[in-house]
Amino acid sequence: MTVMRHLKATGLAALATGAMLAVAACTPSVPGAAPSASAPSPGSGTSTMTASASPTASPGTSATVGKIVEGFPEKLLPLIPGATVISSSFDKAATPATAALVASIPSPAAAVVDFYSQHLQAQGFKAVPGDAVGAVTSKDFVRNDTETVNVAVVEAAGVATFTIGANVAAESAK
């Protein structure tokens, strides 16, 4: 397997992990139980749901819908200004630690990729050649041959919805 294929596969794995953790945030941890949801405050028009990790997730996993989960490595993966969080998850007990963020912003996909490219490269990540997987804008980054980040963006009607999946050393996820 070539290095590029391996890195693309790793990036897709990070994307899939993020999606699975986001779905786990909506899955009750006890059969028949519903996730807790806070009622929207008057005029806010938004609600936040928080759920326990699924029974198969590690004990250090946390996920939430509508906000950044507690403990999320925001220095490593900051929310692009103007974006709205759809879901986030973080597993600090895994080796490597995993973090995922799903959000949307009324911007072009290229603006999202540019923001995270600059931010990650400033932290020592190197961009991997390639900018898409099929019709999806997707950019992979690697650091120290062991840490990976994938940024995948779908744009529709002027809104970019993006997923960021990261597999990094525990000390990097702070």
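Two strands pair if DSSP finds at least two bridges between them. Helices (H or I, at least four residues) and strands (E, at least two) are DSSP runs, numbered from the N terminus. Val154 stands opposite Thr161 in S10. The structure is a predicted model, in which local features need pLDDT of at least 70, side-chain atom pairs count only at pLDDT 80 or more, and totals for chains, interfaces and linings use all residues. Residues are numbered from 1 along each chain as its sequence is written, and side-chain values use heavy atoms, with hydrogens and water left out.

The mean pLDDT of the protein chain is 75. A value of 70 or more is reached by 66% of its residues. Confidence is lowest in strand S1 (residues 36–37), at a mean of 36. It is highest in H2, at 97. Over residues 1–57, pLDDT stays under 50. For that stretch the model has 66 contacts (heavy atoms within 4.5 Å) beyond four places in sequence.

Helix H2 spans residues 109–122 and has 14 residues. From first C-alpha to last, H2 reaches 20 Å. This is close to the 20 Å expected at 1.5 Å a residue, where the expected span is 1.5 Å times one less than the number of residues. Ala109, Val112, Val113, Tyr116, Ser117 and Leu120 of H2 are buried. Buried means under 20% relative accessible area, exposed over 50%, and partly exposed in between (1.4 Å probe, protein chains only). Seen down the axis of H2, the buried residues fall within an arc of 125°, so they line one face of the helix. The arc is that of the directions from the helix axis to the C-beta atoms. The face turned away from the buried side carries the exposed residues Gln118 and Ala122. Strands S5 (97–105), S8 (136–143), S9 (147–156) and S10 (159–168) are among the elements that cover the buried residues of H2. After H2 comes Gly124, with a positive phi near 95°.

Strand S9 pairs with two of these strands. With S8, the pairing is antiparallel over seven bridges. Val149 in S9 is the bridge partner of Phe141. The hairpin of S8 and S9 has three residues between the strands, and Asn144 there takes a positive phi near 60°. S9 and S10 are also antiparallel, over nine bridges. Their hairpin has two residues between the strands, and Ala157 takes a positive phi near 55°. Seven of the 10 residues of S9 are buried, so S9 is largely enclosed by the rest of the structure.

How values were computed
pLDDT = per-residue confidence, 0-100.
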